[in-house]
Every structure is written in structure tokens, then in C-alpha cells.
Amino acid sequence: MRIIKYQVRVGSEMNEFDKVKLREFQGGACSGHPIYYSENPDIHQYGLLGNVSIVDAAIIKENDTVLIKKDNFEQIWDYYWNQLELDYQKKKIIDLFLPLTIDIQGLSEIEKEKKDSYLKEVLTEYNTDYPNKLSSEWKKVKEILAPDDRMEVLGEAFRLTKQEKNKIQSPPFFELLNDAGTENKVKEFIENKVKEFIENNAQQYKTNSKDNTALPVWLKDVVDLIDKKIKKIK
Amino acid sequence: MKNFLFAGNSFMPLARSLERYFRYLLNTELKFIDDDIFVEPDKIDLLYTINESSVLQKCLSWIHKNKFNSNRLRILGCDTHADINLLMVETLGIQIENSFVISRRIDQSNFLFISDRVKLFFKGHGEQSLLGCIGWVNYYLGNYPAMAKSNDYSPKELNETFLAPGIQNWEEFTRRFSKYVPILYVSGWDKQVNEIERCIKVVAEDIKRIEFSDSFHTFDSGTIKSLAEITSFIEEMAFQANRKQNETYTADH
């Protein structure tokens, strides 16, 4: 296993707090968790700091060492720390599925005769590179909220139980999107799955009277679960 | 009435979903705009944007650049402070239709991005306050004519003691002001912004004529008057911002 070590170009100016941060970057108390920037796809393709433009711009790679430029150290730390906020992850999930949620709502309200053409336009969205982007963002969310046991990145108090992790679900058609390829039959199959999901969800909303939000059931369940965890910690 | 949406590249999927919703459910067009698009808006046109600092920053600059009616800006977000709360997706249609008719200013205290910028505008980033800055301009440039008449200074000494620091503070003031103009414009200070911009033009024209030579510079009579007006507008805005913050503080505690 090749773990690339982090160093910060601060030399003697490094204070105690910076040293603690650096220790966390290098694996911290839970040695081996994927905070590090790994290029080995067998272990963990990117880690929390990998493949992110803000990070890429702030590091210099020298053999087995990743050097974080001094000027960017705080910025990278904030970026990393934000990733571990449950509130931030909740927002990310909502942002990810808000377009789909609005489309589902629209289709639940639309007159019968316009429905097919509306749905056709929504499905066109899933024939672009949008699903790939969605899928990669969703993967990042799962790496933080619902990773395999060995790959936990959140502090113990913030971690979800195995049962809770199972509830962090994307729409069922989601896993298929990446494999869509160009074959028409596969595309048609996936399109039907998307259509089925949208139609099934169009009438199912779960309203929370307290915050007056109304989201499709699957999304509301995920959001509620994270909210509950946040409340418990506070 | 036309509907515009300023969403930025990262929110395009959301923008397209909203566009479909507008077209199919509300039978109205939602046009996408960005930095490069210039429109000649009608006073009743509506502009929607996303409550994300990176998008808001650009959108507010666009509003100012295009002289868009800032009372017709609507902010989309995922909380109850937003004009349209996207999490209340079941009432999306009603919320949007309501936004067509209401005309009001943005309540800056509801939007962290805007209220933070307003605070920074007056307080500065660790340097002197904006009022302090314009105060020094008034002191140096305002005293220049009287000092020139007093014969206590040679033209060279007067330039070094009054003109140079006056211009330096003036440049700092205009730099900070122009950076924050879009924020002030949508925060209900559009009239003050327009007036200050008019005064800045008067002063800037006069300063452009200054040559650091061995002769005294004769300031245009409008310059000193304009500097006083700028100070008065900034004081008025700072007072209002302070009052607003105290109101928010009282309400929160």
C-alpha cells in the first residue's frame, strides 16, 4: 500500500495547530483512512483530497510526497474540514437531486396531454454527460457518509450505523447510469427505469410540518436521517 | 414581463429544470443570462438567482452593470429566508407566481453573503473604515486651498503634505467603493449609489487635471462640495446599516 505523505512548506514557522492538521492529513489517529491523496485505484482512487481542482491547484507532487503550498494550507484545511460536516453533506445531497425533484414535482402537476412531451424533455437530460457528473458527485457523498468499515473518515460521533448507511440511497436507476454506454437497448432500458422512478415518485411527497419542506419520499428519508444525526450530536 | 435566471455553470441542471417548470406549468419563458449577456430590461422584468455566494457575487455585478431594477431580484434557496424556498417544492408554482407581483427591496440581513459584505464595506478588511478613509480625503484635499492661500507652504511642500496623501486616500476610497457597488445597489441604496457615482465623477475629473508641478492647483468649486456630499451619503448609509444590524441582533436574542 502506497500512501503519499503530506508535507507543508512552512519549515520552522509551523505552529502546534498546523502540526495537528498535518497529522490528520497524513492519516491521523485512524491510520489509513482516505484523507490522503492516493493515486492507487486499488486502495482508494482519490481520497477526500483527490481529483478536486481546488486541491490540485494547491499541491506540488515530488516523488512519494505531496507538498501543500504554504499559502494554500488554510484553504485546503477548510475544504477538507467542510467535507466532514454533516450539514455540508446534507446540502450536497439536496443540491444534487434538486433538479430531479423539481422535474418530478412538475410532472405531478402537469395536464395529461402535455405530460409525455414534458417527460421526454426530462429524459433527454439523462442522455447527456449529466448522469456521469451526478454519479461521480454521489460517489463522493457516499465515500464520506456511507463508506466501507475500513474507510471511515468521519469522527466516531458522526458516523452512521450500518442500518443508517443502507438508507443513504440514490434513486434505483442511478447505479445504471454510468454503464449506459451507447448501445440503444441499454439506453432504452435505463430511460424506462428513470421514467418509472419519476412517475412513481410524482405523487409521493413527505411533508414535514415543522420546516414545511416537501420532498420526494426517498430524498426526504435521506435528509431526515442526516438531520436526526445532527440533532443527536448537538 | 420577462423572466431571467442567473445561475452560473455549476447550477445549469437546476436552471434547466426550473426553465421546464416555468414553460410547462406557468406558461412563461425563463431566459438564462450570464456575465456576457446584456439586456435592456423593462422595469417589471424579474431576475432570479441562486443563494450561493459565487453566483450572487456575479449576479449583483450584472444587475448594476445592466441597470436592472434591483427590487425585481428574487433569490432562490433552500431555506425560509429565500424568496423562493426550493425545498417547499409542492408550493413552487404558488411561490413563483407570488414573486411576479411583489415588489420590494432585498432584506440584506436575510442573506449572509450580502450582510457580511455590507459590514466589510463599512469596516474594511482590518484597515481603516470607509468613513475614516473619506474623512482623510476631506482633510487633505479640503484643507489644500486654504493652505495654498496661507503662504505657509511652498507648492512642493503643499503637494507632499496635502495633495499626495489626499489622492492616495481618494484612490483607496474609490477602489473600495467600486468593489462593493453591486452589493450596495441591491441593498436598497441604489439612489445613494447613483449620487455617489455622480460625485466621484466630478472629483475624478478634477484630480485628473492635477499635475505635480511647482505651481498650486486650483480645485474646481464642485470638488469640495462633492466630497462633502459623498461623506454625507456614506454616513447616512452607515447609520442605516448599523440600525439594521442592531434590529437583527435584538430580534435574534
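Is Tyr48(B) buried or exposed? Tyr48(B) counts as buried, because its relative accessibility is 1% and the cut-off for buried is under 20%. I will start from that residue and work outwards. One caution before that: this is a predicted model.

Let me put chain B in place. It has eight helices and five strands. Read from the N terminus, the order of elements is β-α-β-β-α-β-β-α-α-α-α-α-α. Along the principal axes, the C-alpha atoms of the chain fill a box of roughly 75 × 45 × 30 Å. Chain B has 253 residues, and 49% of them count as buried. As for contacts in chain B with a separation of 6 or more, 71% are between residues 24 or more positions apart.

Now the aromatic rings. How many aromatic pairs does a search of the whole structure find? Over all chains, the number is 17. One of them joins Tyr48(B) to Phe22(B), with an edge-to-face arrangement, 5.4 Å from centre to centre and 75° between the planes.

Helix H4 of chain A, residues 86–109, has an axis that comes within 8 Å of the axis of H1(B), and the two cross at roughly 10°. Angles under 35 degrees count as roughly parallel, so H4(A) is roughly parallel to H1(B). The crossing of H4(A) past H1(B) is left-handed.

At residue level, the H4(A) side of this contact consists of Leu98(A), Pro99(A), Ile102(A), Asp103(A), Gln105(A), Gly106(A) and Glu109(A). Facing them in H1(B) are Pro13(B), Leu14(B), Ser17(B), Leu18(B), Arg20(B), Tyr21(B) and Leu25(B). By type, the residues of the contact divide into eight nonpolar, three polar and three charged.

Next, a few loop positions. In chain B, Asn66(B) is in the loop between helix H2 (53–65) and strand S4 (73–77). Asn66(B) is buried, because its relative accessible area is 5%. Not counting residues up to four places away in sequence, Asn66(B) touches Ile37(B), Phe38(B), Val39(B) and Pro41(B).

Lys67(B) is also placed in the loop between H2 and S4. Is Lys67(B) buried or exposed? Lys67(B) is exposed, because its relative accessible area is 53%. Its backbone is worth a look too: phi is positive, about 50°, although the residue is not a glycine.

Asn151(B) has a positive phi as well, about 65°, and is not a glycine either. Its place is the loop between helix H5 (130–150) and H6 of chain B. With a relative accessible area of 65%, Asn151(B) is exposed.

Last, one residue from chain A. Phe158(A) is in the loop between helix H6 (130–145) and helix H7 (162–167) of chain A. Phe158(A) is partly exposed, because its relative accessible area is 32%. What is Phe158(A) in contact with, leaving aside its neighbours within four places in sequence? The contacts are Leu86(A), Lys229(A) and Ile233(A). Between the C-alpha atoms of Phe158(A) and Glu121(A), 37 residues apart along the chain, the separation is 40 Å.

Key: Residues numbered from 1 in each chain as written. Chains lettered and ligands numbered in written order. Predicted model: local features only at pLDDT ≥ 70, side-chain atom pairs only at ≥ 80, totals over all residues. Heavy atoms only, no water. Phe/Tyr/Trp six-rings, centres within 6.5 Å; stacked < 30°, edge-to-face > 60°. Buried < 20%, exposed > 50% of the residue type's maximum accessible area, 1.4 Å probe, protein only. Axes fitted to C-alpha atoms, helices over the stretch in contact; angles between N-to-C directions. Helix = DSSP H or I, 4+ residues; strand = E, 2+ residues; numbered from the N terminus. Parallel < 35°, antiparallel > 145°, perpendicular 65-115°, else oblique. Left-handed = near helix turned anticlockwise from the far one by under 90°. Contact = heavy atoms within 4.5 Å. Nonpolar A, V, L, I, M, F, W, Y, C, P; charged D, E, K, R; others polar.
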